[in-house]
Amino acid sequence: MESAWEITGTANVEFDEQTRKRPRSVSPTPASLVKQVENKFSEKDELAKQLGNAEEVNKGLNRLMEMTASHELIFTLENDDSLMKALVDLVDYEKGEKIEIDCLEELIPARAWKLFKRQPKFPLSTIPLLHAVLVIFRNFSFVAANLRPMTQELSVMRLLIDCLYLDNTELLIHSVFTLANLAPVLDVTGQKILADKLFLDNADNLHKLGWGGLQFAKQLDDSHQVSVDKIVLWEGTREYVTQIWHIFSGLRHIFISPQTPRPILLQSMDWIRELLEHNTPSTDIPSMYDIFREMPQDVIQKLIDCLWIPRLGPDALDYINPITNIVSRVSTLKLFMGYDATVDTDLRDRALESLQQLLELGLSLPSSPRLYNALLPCLTTKVGRNDAQTLACGIYKSLGKSEIHQEGLLYVQERMLELASKDSRVAQVALGHLYVRHD
């Protein structure tokens with residue numbers, strides 16, 4: 001099947017991921033700056049018309065792909081932008097069936113992980129167009145000024161969330177990357193979107209509120225809590241909050257699916273980090289922290305499994321068969337190098353970071369020999385991230401404070417003390433936090 005690059009005529013466009021990304025500040029863009037940028041792209045309405053014309057769709061996608069991939073130009077969107085709607089309308093598919101949230105009392109954190117009843121279905125004929133649309137949305141998300149308009153457009157969020165159930169690696173990676181870039185403005189409580197509606201989108205109130213309204217909205221970006229009645233929040237942001245809560249069902253599907261490829265798992269764990277870093281606790285409506293505290297056991301078990309996945313051999317997520325490949329990663333020397341040479345350090349380090357963040361929220365990990373065995377060699381590893389040992393020590397310290405892990409820590413105590421005799425860091429953890437005495 002032809003790729004989206006061939007259909008849109010952008011196969012020769014060069015992309016540099018390192019230089020494409022810009023700092024994702026979520027502060028509102030000043031109106032004067034937005035106007036200057038928009039004047040450079042006066043053809044946005046023309047592009048939307050081209051996307052609505054079956055004979056000019058490829059021409060419009062080709063032009064839009066080039067403009068959003070440019071390093072010199074900044075393509076900004078507006079709230080209720082016709083261009084975003086035109087892009088979504090290009091993809092004709094059978095939408096998934098969701099469990100709707102009808103009232104405020106149904107906002108239960110544990111329900112957020114199981115709100116899908118039936119997965120969406122994408123016909124093969126729409127895959128090339130879907131590929132092009134997702135790449136454009138991903139390019140949009142690299143511009144800070146586009147984060148708010150994209151999250152407020154429900155049709156865009158619906159498409160990105162439905163794409164989390166795809167089994168196509170290229171399409172899935174674009175969807176996950178885009179949602180990870182949108183993480184700074186995703187809000188499960190509705191406070192940020194309510195501030196935008198009241199103080200940024202309402203032109204009639206701008207002359208009355210002025211910079212006061214802008215300050216109110218920016219306070220939410222700076223992790224300050226503003227007291228708003230939960231009934232007002234729900235009535236003003238019901239559709240938006242319902243849509244955002246469905247993200248977690250898609251995230252769970254990624255982790256529990258046996259077909260999920262390695263790059264998707266890596267980016268999904270980065271996405272979890274972004275969600276937790278840019279959200280603050282809430283008292284009236286369940287927050288992102290409350291939802292992650294109710295993470296299902298099957299997702300937690302997948303994170304634990306990622307602590308030790310071989311880099312080589314049939315058990316690896318990305319296996320290179322030496323029979324069908326000229327260059328093989330399997331060599332005799334590597335077979336004698338032990339743990340550091342055979343473990344997938346990228347997956348391990350991201351799993352360590354995710355588990356550490358979840359433990360800090362108060363999540364309880366299950367007592368599992370696999371968990372203790374996988375963490376033990378992380379204490380003395382010499383490969384991967386520099387803070388891998390620190391993260392493993394932090395997880396062991398958190399486990400040592402829990403009653404349910406006392407027997408499990410006895411299981412590794414002897415090996416822990418053996419390592420402690422060779423490494424001062426391990427000695428501090430073993431003797432200061434983990435040593436369990438028999439009565």
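Which backbone oxygen does the side chain of His 246 reach? In this predicted model, the side chain of His 246 comes to 2.6 Å from the backbone oxygen of Thr 242. His 246 itself sits in the loop between helix H14, residues 230–245, and helix H15, residues 247–256. Although it belongs to a loop, His 246 is buried, because its relative accessible area is 1%.

Let me turn to helix H16, which covers residues 262–277. At 1.5 Å a residue, the 16 residues of H16 should span 22 Å, and the end C-alpha atoms are 23 Å apart, so the two values agree. The helix is also mostly covered, with 14 of its 16 residues buried.

Ala 180 is located in helix H10, residues 169–181. With a relative accessible area of 4%, Ala 180 is buried.

Finally, I come to the cysteines. How many disulfides does a search of the whole structure find? The search returns 0. Cys 393 illustrates the point: the closest cysteine sulfur, in Cys 378, is 9.9 Å from its own sulfur. Because a disulfide requires the two sulfur atoms to be within 2.5 Å, that separation is too far for a bond. Cys 393 is buried, with a relative accessible area of 4%. Cys 306 is likewise buried, and its relative accessible area is 0%.

Terms used: Residues numbered from 1 in each chain as written. Predicted model: local features only at pLDDT ≥ 70, side-chain atom pairs only at ≥ 80, totals over all residues. Heavy atoms only, no water. Helix = DSSP H or I, 4+ residues; strand = E, 2+ residues; numbered from the N terminus. Expected span 1.5 Å × (residues − 1). Buried < 20%, exposed > 50% of the residue type's maximum accessible area, 1.4 Å probe, protein only. Polar contact = N/O pair within 3.5 Å; in protein donor to acceptor, adjacent residues only side chain to side chain.
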